[in-house]
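I opened this structure to take notes on its parts. The entries follow the order in which I looked things up.

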Amino acid sequence: MSKPAFSTLLSHVGRRFDETIATVNLPVYRASTVLFDSLEAAAKAGHGASAGVGERHVASYGTSGTPTTFALMDALVELEGAGAACRAALMPSGLAAISTALLAFLKSGDHLLMSDSVYGPTRMFALGMLERLGVATTFFAPTATAAEVAALIRPTTRVLYLESPGSYTFEVQDVPALAALARSRGIVSMVDNAWASPVFARPFEWGVDLSILPLTKYWSGHSDVLMGAVVVREEHWPTLWRAVRELGMCVGGDDAFLILRGLRTVEVRMHRHQESALALARALAARPEVGRVLHPALAAHPNHDLWRRDFTGSSGLFSFELDPALFAAPGAAGIDPARVARGMVALCEGRRHFRIGYSWGGYESLIMPGSIAALRSAAVWSGGPLVRLHCGLEDPADLIADLEDGLAALTASLVH
Ligand SMILES: Cc1ncc(COP(=O)(O)O)c(C=O)c1O
């Protein structure tokens, strides 16, 4: 046999697949193309991974998964599914997980019931693409009872979408009652479980059909990877998988590896986030500049009893309201937006430990003012200016001192 040419060698050298060693972590598969030894094997894999079939862990092409992404899917089923018969699919961001889940279960002419305090882009997706596709959405107050939500159900209602606690305003929903209502009416229930993660909440024990996990947050824990997952009861898997395949939703092996690495420490980190956030929430509650502290694990929170019933802990994310009286112009009543803007700059900029940044769930602390009024339609927001904090893994005493400096700077900025 003649020796292959240099250009042929370039395609073949160094590709030995029989060398494996046992390492603590799985190797990373980076793949678009998957190779087969026969046409029959290729056809079998292609069929198994196809939109209408969705067999477990069939690698036909990079978009249907690799051993690295399958390992993460298995981990999510065990941790989030916690014994329920579930399957998991991975998406390139938390928002992609939300939009894929909604697109999978809704079609033109359908009706969606959505909690008013969902993550802003979730609301925008309902009011944007879903509306353009002919799906009508009704928003309901996040603390609405099952009877109140039942009154909004139409013959065309297909999905009930929840997020508990709500984004920025942290209302805790009675998810078990709402999920039971949905089930009794043949409606698919979904919940965004970003805040608590399975460390502190088990949505399938609440009775929901589908849980959305922005893995970008606590699962990653290091603010360097974007990913989302949908974990769904087995009976709904074919519907979800069809949408995943039709939309081409998939993730790369390197990112899946980073989430697998992050999850090893998620429980330890969550306990530290919890402790620090509670220390900060209590310190803030005692400050004269602060109105309400919106943290469900504080006894004063209006939904504290629901939180105690349904969650086993709390995370590093909460908000607080500033006293509206601080922002009234001298001699005038009501909040002066220019004073709010000035005060927020003084509070948020120049902090030593809290940085300004969207997102949360990493090891670092973040601060961000919230503009909530435009993101609520069923439960009108009438509180004072809102600030959201993510408490990272720094020493809580340093974080408290940093915020106290910020509040002093805010007051000083409003003297005139
Ligand atoms: C509650 C909640 N759900 C979903 C998401 C979306 O996740 P991602 O940033 O990965 O798209 C976010 C992001 O901030 C969030 O706060």
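Entry on the domains. I am working from a predicted model. I looked up how the chain is divided, and found domain 1 at 29–263 and domain 2 at 266–413. The C-alpha centres of domain 1 and domain 2 are 29 Å apart. I then looked up the contact, to which domain 1 gives 33 residues and domain 2 gives 35 residues.

Entry on the side of domain 1 that touches domain 2. I noted the elements that give two or more residues to this side: helix H5 (120–132), strand S3 (136–140), helix H8 (197–200) and helix H11 (253–263). H8 supplies the largest share, 3 residues. By class, I read 18 nonpolar, 10 polar and 5 charged residues on this side of domain 1.

Entry on H4 and H5. How do the two helices lie to each other, parallel or oblique? The axes of H4 (residues 94–105) and H5 come within 10 Å and cross at roughly 40°. Angles under 35 degrees would count as roughly parallel, so I put H4 and H5 down as oblique to each other. Their crossing is right-handed. From H4, I listed Leu 95, Ile 98, Ser 99 and Leu 102, which meet Pro 121, Thr 122, Phe 125 and Leu 130 of H5. This contact of H4 with H5 has 6 nonpolar and 2 polar residues, and no charged ones.

Entry on the ligand. I found 13 residues surrounding the ligand, and the closest are Ser 93, Gly 94, Leu 95, Pro 214 and Thr 216. The shell around the ligand divides into 5 nonpolar, 6 polar and 2 charged residues. Leu 95 was already in my notes, as one of the H4 residues that meet H5.

Terms used:
Residues numbered from 1 in each chain as written. Predicted model: local features only at pLDDT ≥ 70, side-chain atom pairs only at ≥ 80, totals over all residues. Near = placed C-beta within 6 Å. Nonpolar A, V, L, I, M, F, W, Y, C, P; charged D, E, K, R; others polar. Domains from an automatic or database assignment. Contact = placed C-beta atoms within 7 Å. Helix = DSSP H or I, 4+ residues; strand = E, 2+ residues; numbered from the N terminus. Axes fitted to C-alpha atoms, helices over the stretch in contact; angles between N-to-C directions. Parallel < 35°, antiparallel > 145°, perpendicular 65-115°, else oblique. Left-handed = near helix turned anticlockwise from the far one by under 90°.
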